[in-house]
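Please open the model in a viewer and keep the selection tool at hand.

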Amino acid sequence: MGGRLRAPTGRYGGRSAEERQAERRRRFLDAALRLFGDTPGYRGTTVAALSQAAGLSTRQFYEEFRTLEDVLAALHLEVNGWAEQAVLAALATADGLPLAERATVLFRAYARDVTCDPRRIRIAFVEIIGVSPRLEEQRLARRARWVDLIRAEADAAVARGEAAPRDYRLAATAFIGSVNGLLHDWTAGWVDATLDEVVDELVRLLLGMLRPEGWRPGHP
């Protein structure tokens with residue numbers, strides 16, 4: 001397949017070509033969330049099966065995407081985007097809060113968003129793994145955005161005198177791995193705790209990282 005087929009242009013049924021294209025794309029992504037995020041998963045899904053689940057034709061699929069990998073890539077970015085927007089919205093309400101309360105707001109928003117639908121967890125943490133070098137690069141780039149957010153929060157806490165000053169690059173990377181692993185296991189039913197208890201544990205881990213034993217506010 002040399003490229004995507006051209007979608008029709010002009011207005012039809014009171015909607016523009018762009019509106020119809022956006023609707024088709026949305027239907028394919030919604031169907032992919034159902035199939036990739038549950039049964040049969042990304043590797044067990046065909047273009048024909050995805051098109052049928054979306055109520056569209058394979059010709060319409062190729063008007064929107066080149067391959068199923070393109071669909072997974074778009075869905076992975078979307079799932080991460082939803083979580084990021086939830087966190088940023090929560091942080092906008094957390095100005096002036098002490099570090100522990102601010103961290104709780106951040107992680108509660110993230111945890112609630114990514115666990116509200118188990119299929120999102122599977123897309124973000126399972127189906128994306130090992131597909132291709134391209135998607136591995138995308139996965140790591142997206143994780144780096146979360147690492148940068150944690151580092152920015154840590155640096156801001158240092159500036160406020162609420163955390164020990166140091167380079168948090170490696171610590172933030174390790175912490176994000178712990179966050180994702182714990183939330184995945186909780187969603188899978190392997191962790192006997194409430195979501196609030198999981199968030200509280202993550203906050204304790206973060207505070208232990210930012211405030212090592214022996215450190216006191218106002219001291220280097």
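Begin with helix H7, which contributes four residues to the lining of the largest pocket, the most of any element. The model is a predicted one.

Next, display the whole lining: His76, Asn80, Tyr110, Ala124, Phe125, Ile129, Arg139, Arg142, Arg143, Trp146, Ile176 and Asn180. Besides H7 (133-159), the elements that supply two or more residues are H4 (68-91), H6 (118-127) and H8 (169-187). Colouring the lining by class shows six nonpolar, three polar and three charged residues. The volume of this pocket is about 180 Å³.

Now turn to the largest nonpolar core, which has 36 residues. Select Phe107, Tyr110, Ile150, Tyr168, Leu183, Met209 and Leu210, the members that touch the most others. Which elements give two or more residues to this core? They are H4, H5 (99-115), H7, H8 and H9 (195-210). H9 gives the most, with nine residues.

Centre the view on Phe107. Setting aside neighbours within four places in sequence, Phe107 is in contact with Ile150, Phe175, Val179, Val199, Val203 and Leu206.

A separate core of 25 residues lies apart from the largest one; Leu68, Val71, Ala73 and Ala124 are among its members.

Finally, select residues 22-83, where an unreviewed UniProt entry places the feature "domain: HTH tetR-type". Over this stretch the chain is 74% helix and 0% strand, and its end C-alpha atoms are 22 Å apart.

Key
Residues numbered from 1 in each chain as written. Predicted model: local features only at pLDDT ≥ 70, side-chain atom pairs only at ≥ 80, totals over all residues. Heavy atoms only, no water. UniProt positions renumbered as here; feature names shortened; annotations may be inferred. 1 Å grid on protein atoms, 1.4 Å probe; cavity = no way out; pocket = protein on both sides within 12 Å on 5 of 7 lines; lining within 4 Å. Points joined across faces, edges and corners; volume = space filled by probe spheres on them. Nonpolar A, V, L, I, M, F, W, Y, C, P; charged D, E, K, R; others polar. Core = buried A, V, L, I, M, F, W, Y, C linked by side-chain atoms within 4.5 Å. Buried < 20%, exposed > 50% of the residue type's maximum accessible area, 1.4 Å probe, protein only. Contact = heavy atoms within 4.5 Å.
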